[in-house]
Amino acid sequence: MLGYCLAVVRRLALPALAIGTVLAAAMTAALVLGDGTPWSGAAPQALAAGAAGAFAFTAVLTVTTAVSAARTARRYGLTLGPEAVALPSVREVRVPPIEGRTAFQLTDSVRHVVEKDPVLRVDEVTAFGHGILDLTLRGPSASTVFVRVRVTIGPTETAAVVEARPAATYKQLDAAACWSVARVVEERVARALRAETEDGAL
């Protein structure tokens with residue numbers, strides 16, 4: 001949890017600095033132009049107000065995001081860590097080469113496992129084809145997560161990359177929703193590919 005909170009604070013550093021700067025500038029203008037306070041007297045008060053505003057912004061968002069993220073992680077049976085802050089959330093699955101299967105067949109297997117999973121709530125399949133699977137899933141707290149799965153077959157291994165991002169592009173913090181969904185999808189993709197590996201071996 002501490003690692004997650006520190007990662008959130010780092011993510012919020014620039015927005016907090018911007019808010020603190022705006023508050024300091026506004027207070028400086030109010031003191032100098034409104035009250036006639038000299039610059040030397042206004043500057044320390046304005047800087048203190050800006051720092052307090054930036055700290056309050058960071059503290060409130062960090063606490064609320066961490067509480068929501070911890071709830072999300074518990075729901076999916078995961079342990080929250082600093083990697084849960086990164087967006088998009090990217091996971092990889094690698095298995096030995098699968099004999100007698102095309103990328104389309106493997107992608108179809110992945111789609112079947114994901115769609116039938118009781119934990120994942122699939123809203124829509126937006127793209128499906130040769131090694132391509134794009135999904136819209138409902139994450140925790142009614143959030144919507146876009147998930148992209150890319151399956152490639154190589155001479156030495158079969159690989160799948162899972163990428164999850166929030167549907168709302170303005171979100172810089174999603175309370176670990178994308179990370180949680182990506183972790184669950186990664187497990188389901190690995191399960192599907194392992195099953196295909198066993199079938200191919202037979």
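**The cysteines, and the fold around them**

Mentor: The sulfur of cysteine 5 has its closest cysteine sulfur in cysteine 178, and the 18 Å between them is too far for a bond. A disulfide is a covalent bond between the sulfur atoms of two cysteines, and here a pair is counted when those atoms lie within 2.5 Å, a rule that gives 0 disulfides. Cysteine 178, with a relative accessibility of 1%, is buried, where buried means under 20% relative accessible area, exposed means over 50% and partly exposed is in between, using a 1.4 Å probe and protein chains only.

Before going further, keep in mind that this is a predicted model, in which local features need pLDDT of at least 70 and side-chain atom pairs count only at pLDDT 80 or more, while totals for chains, interfaces and linings use all residues. Residues are numbered from 1 along each chain as its sequence is written, and side-chain values use heavy atoms, with hydrogens and water left out.

Along the sequence they follow the pattern α-α-β-α-β-β-β-β-α. The radius of gyration, taken over C-alpha atoms, is compared with a globule rule of 2.2 Å times the number of residues to the power 0.38; for these 202 residues the rule gives 17 Å, but the chain has 23 Å, so it is more spread out than a compact globule. Along the principal axes, the C-alpha atoms fill a box of roughly 85 × 30 × 30 Å, and 41% of the residues count as buried.

Helix H1 (residues 2-34) has a kink of about 45° at alanine 13, shortly before proline 15, the bend being the angle between axes fitted to the seven residues ending at a residue and the seven starting there. Among the buried residues of H1 are Tyr4, Leu12, Gly20 and Val32.

Further along, a cis peptide bond with omega of about -5° joins leucine 87 and proline 88, and proline 88 lies in the loop between helix H2 (39-75) and strand E1 (89-95).

Two strands pair if DSSP finds at least two bridges between them. Strand E3 (residues 132-138) is antiparallel to strand E4 (residues 144-153), with 7 bridges, and aspartate 134 has arginine 148 as its bridge partner in E4. E4 is also joined to strand E5 (residues 158-166), again antiparallel, by 9 bridges, with arginine 150 facing valine 161 of E5 as its bridge partner, and 4 residues lie between E4 and E5 in their hairpin.

Finally, rings of Phe, Tyr and Trp (its six-membered ring) pair if their centres lie within 6.5 Å, with planes under 30 degrees apart called stacked, over 60 edge-to-face and the rest tilted. The count comes to 1 aromatic pair: phenylalanine 104 and phenylalanine 128 are tilted, at 5.2 Å centre to centre with 50° between the planes. Phenylalanine 104 belongs to helix H3 (residues 103-116) and phenylalanine 128 to strand E2 (residues 122-129), so the pair ties together parts 24 residues apart in sequence. Phenylalanine 104 is partly exposed at 37% relative accessible area, as is phenylalanine 128 at 28%. A charge sits over a ring if NZ of Lys or CZ of Arg is within 6 Å of the ring centre and within 35 degrees of the ring normal, and arginine 111 lies over the face of phenylalanine 128, at 4.7 Å from the ring centre.

Conventions. Helix = DSSP H or I, 4+ residues; strand = E, 2+ residues; numbered from the N terminus.
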